[in-house]
Amino acid sequence: MGLSIIWASNSIQCRSGYGIQGHYVVPGLQRLGNRVAVFAWWGLQGGIAEIDGITTYPAFGEPYGNDVARQHADHWDADLVISLVDLWVCGNYADTLPQRWMPYFPIDSIPIPPEIYNLAKRTQWPVTYSQWGVNELAKVGVNAYFVPHGVGDAYRPNLEAGRRWRAENGIPQDAYMVASVYANKGNPSRKNFDGCFRAFAEFSKTHPDAIYYMHSEPSVRYQGVDLWRLIRELGIAGKVIIPNSYLLALGFDEAWMAGMYNAADVLLSATKGEGLGIPCLEGQACGVPVIVTDYSAMPELVDHAGPSYKVRVA
């Protein structure tokens, strides 16, 4: 007999990294014989719903569900709560949940802050999605499990899909296209927008046909970086393409994203720290070279893939 599980994260219909992983994992847990519901602390409000045939509980007031996680778990008669989000935002889960709690969380910087490793020590099964994270947690006395993220079947090499994507988005077939896929949240940002745009500005001096496709919200809507201001300051406004904010909010499906990766000549993901980096997996699954920084979990994404490149952190 399987377990009764609450998956606490973004709603599985959302096109966020957490939502996409839930879209993969939750049906898999069901196929293993478990009874699974989703607690969508982001992506659903107003009442309980059925999304893709899965019972989905709504958010209430607190952004990460600390105020209502226990009530939802009790209502579902859960044996286990799995949270997919940064561990530090779930502090109340450890204090209020009588159910077993499996936090599935990133480690994206060193040293690991005490509020993270002390909370991890209070959980039954701490899980992180990079081997680097497992190793760093071990250094502070946390024995964590390693469960990597994955990508869907849509992400495969397909040159014709890449050519169609370029044609549909007005990018010349012979242009050199750099792509990045980033969430623009928080300022200063660990996504290193400034460094990536400056690197492209230098590159474009010797490659005047180059285009930079930045898949990210350009405004400060999520307390992020004003990307268009940065682009104008660097003098590359005519060389950067950013999708419409409204369409970004609606989300692009996997076929569209796979077409974009196949259209790219290189995926630039030189961030200041990642718990994993799903776009790197998606891009490489499409056969696109990836540039990452030689820091945090990023190097292990490209150590066994090629041709991809690691940039030393200064």
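This is a predicted model: local features need pLDDT of at least 70, side-chain atom pairs count only at pLDDT 80 or more; totals for chains, interfaces and linings use all residues.

A: Residues are numbered from 1 along each chain as its sequence is written, and side-chain values use heavy atoms, with hydrogens and water left out.

The partner of W41 is Y64, and Y64 is partly exposed, since its relative accessibility is 29%. Their pairing is one of 14 aromatic pairs in the structure (rings of Phe, Tyr and Trp, the last by its six-membered ring, pair if their centres lie within 6.5 Å; planes under 30 degrees apart count as stacked, over 60 as edge-to-face and the rest as tilted). The ring centres of W41 and Y64 are 5.2 Å apart and the planes meet at 65°, so this pair is edge-to-face. W41 belongs to strand β2 (residues 35-42), whereas Y64 sits in the loop between β4 (54-57) and α2 (69-75), so the pair ties together parts that are 23 residues apart in sequence (helices, H or I with at least four residues, and strands, E with at least two, are DSSP runs numbered from the N terminus).

Another aromatic pair, formed by Y93 and W101, is tilted, with 5.5 Å from centre to centre and 45° between the planes. Y93 has a relative accessibility of 1% and therefore counts as buried, and W101, at 2%, counts as buried too. Elsewhere, ring pairs link W165, Y213, F252 and W256 into a cluster.

The backbone also deserves a careful look. Most residues other than glycine have a negative phi, and most peptide bonds are trans. Against that background, I110 and P111 are joined by a cis peptide bond with omega of about -5°, and P111 is found in the loop between β6 (100-105) and α4 (114-120). The peptide bond from N187 to P188 is cis as well, with omega near 5°, and P188 is in the loop between β9 (177-181) and α7 (193-206).

D52, although not a glycine, has a positive phi of about 55°; it is located in the loop between β3 (49-51) and β4, and with a relative accessible area of 57% D52 is exposed. S296, also a residue other than glycine, has a positive phi near 55° and lies in the loop between β13 (290-293) and α12 (298-302), but S296 is buried, with a relative accessible area of 7%.

Finally, the chain as a whole gives these parts their setting. Its secondary structure comes to 12 helices and 14 strands. The radius of gyration is 20 Å, close to the 20 Å that the globule rule gives for 314 residues, so the chain is as compact as a globular protein of that length (the radius is taken over C-alpha atoms, and the rule is 2.2 Å times the number of residues to the power 0.38). Along its principal axes, the C-alpha trace spans about 60 × 40 × 35 Å, and 52% of the 314 residues count as buried.

Key: Buried means under 20% relative accessible area, exposed over 50%, partly exposed in between (1.4 Å probe, protein chains only).
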